[in-house]
Amino acid sequence: MFNVEIVDSFYEKEKPFFSCTNQQSLLDAMRLQGVRIKYACKVGGCGLCKIKVVEGEYRRGTCSVSGLPYDERLQNYTLACKTYPTSDMKILIQI
Ligand code: FES
């Protein structure tokens, strides 16, 4: 089980932490623990659940190029529905 810290100032007043296993997507963990995030398809297609990883390691499943262009992947953007932590993480949700 890994700890994920949300570093957006907006979430300081809400729920700045949640936990996630390496078998669970960040999106599923957030939804289960009441963290607000936009999403639609849950399969890496629409790009609505895009976040930025500030710190930490993760595995990324298949994401569409329209949802997550290659240049954004290089800048540590990812799709929460296809991202599985392999360490504690810090993320930005409102990017
Ligand atoms: S919900 Fe559509 S890409 Fe994550």
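Reader: Is Lys 42 buried, exposed or partly exposed?

Author: Some ground rules before that one. This is a predicted model, where local features need pLDDT of at least 70, side-chain atom pairs count only at pLDDT 80 or more, and totals for chains, interfaces and linings use all residues. Residues are numbered from 1 along each chain as its sequence is written. For burial, you count the other C-beta atoms (placed from the backbone) within 10 Å of a residue's own: 20 or more is buried, 12 or fewer exposed, and in between partly exposed. Lys 42 has 17 such atoms, so it is partly exposed. Look for it in the loop between H2 and E3. Its phi is positive, about 65°, although Lys 42 is not a glycine.

Reader: Which loop holds Asn 76, and what is its phi?

Author: Asn 76 sits in the loop between helix H3 (70–74) and E5. Its phi is near 70°, again positive in a residue other than glycine. With 15 C-beta neighbours inside 10 Å, Asn 76 counts as partly exposed.

Reader: And Lys 82, buried or exposed?

Author: Buried, because Lys 82 has 23 C-beta neighbours inside 10 Å. You'll find it in the loop between E5 and strand E6 (83–85). For contacts, the test is C-beta atoms, placed from the backbone, within 7 Å. Leaving aside neighbours within four places in sequence, Lys 82 is in contact with Ser 25, Gly 44, Arg 60, Gly 61, Thr 62 and Cys 63.

Reader: How many helices and strands are there in the chain?

Author: The labels are DSSP runs numbered from the N terminus: helices are H or I with at least four residues, strands are E with at least two. Here there are three helices and seven strands, running β-α-β-α-β-β-α-β-β-β from the N terminus. The radius of gyration (taken over C-alpha atoms) is 12 Å, close to the 12 Å from the globule rule (2.2 Å times the number of residues to the power 0.38) for 95 residues, so the chain is as compact as a globular protein of that length.

Reader: In what order do the strands of the open sheet come?

Author: Strands of a sheet pair through backbone hydrogen bonds, either parallel or antiparallel. Two strands count as paired if DSSP finds at least two bridges between them. In this model five strands form an open sheet in the order E2-E1-E7-E3-E5, with mixed pairing. E2 (17–20) and E5 (77–79) stand at the edges with a single partner strand each, so one side of each has no neighbour in the sheet.

Reader: How many bridges join E3 to E5, and how many join E3 to E7?

Author: Three bridges join E3 (residues 50–55) to E5, and the two run antiparallel. There, Lys 50 stands opposite Leu 79. Three bridges also join E3 to E7 (residues 89–92), antiparallel too, with Glu 55 partnered by Lys 90.

Reader: Which residues have the most contacts inside the largest nonpolar core?

Author: A nonpolar core is a set of buried Ala, Val, Leu, Ile, Met, Phe, Trp, Tyr and Cys residues joined through C-beta atoms within 7 Å. The largest one has 21 residues, and Leu 26, Ala 80 and Ile 91 have the most contacts inside it. Strand E1 (2–6), helix H2 (26–32), E3 and E7 each give two or more residues to this core, and H2 provides the largest share, four residues. Leaving aside neighbours within four places in sequence, the contacts of Ala 80 include Leu 26, Met 30 and Ile 51.

Terms used:
Contact = placed C-beta atoms within 7 Å.
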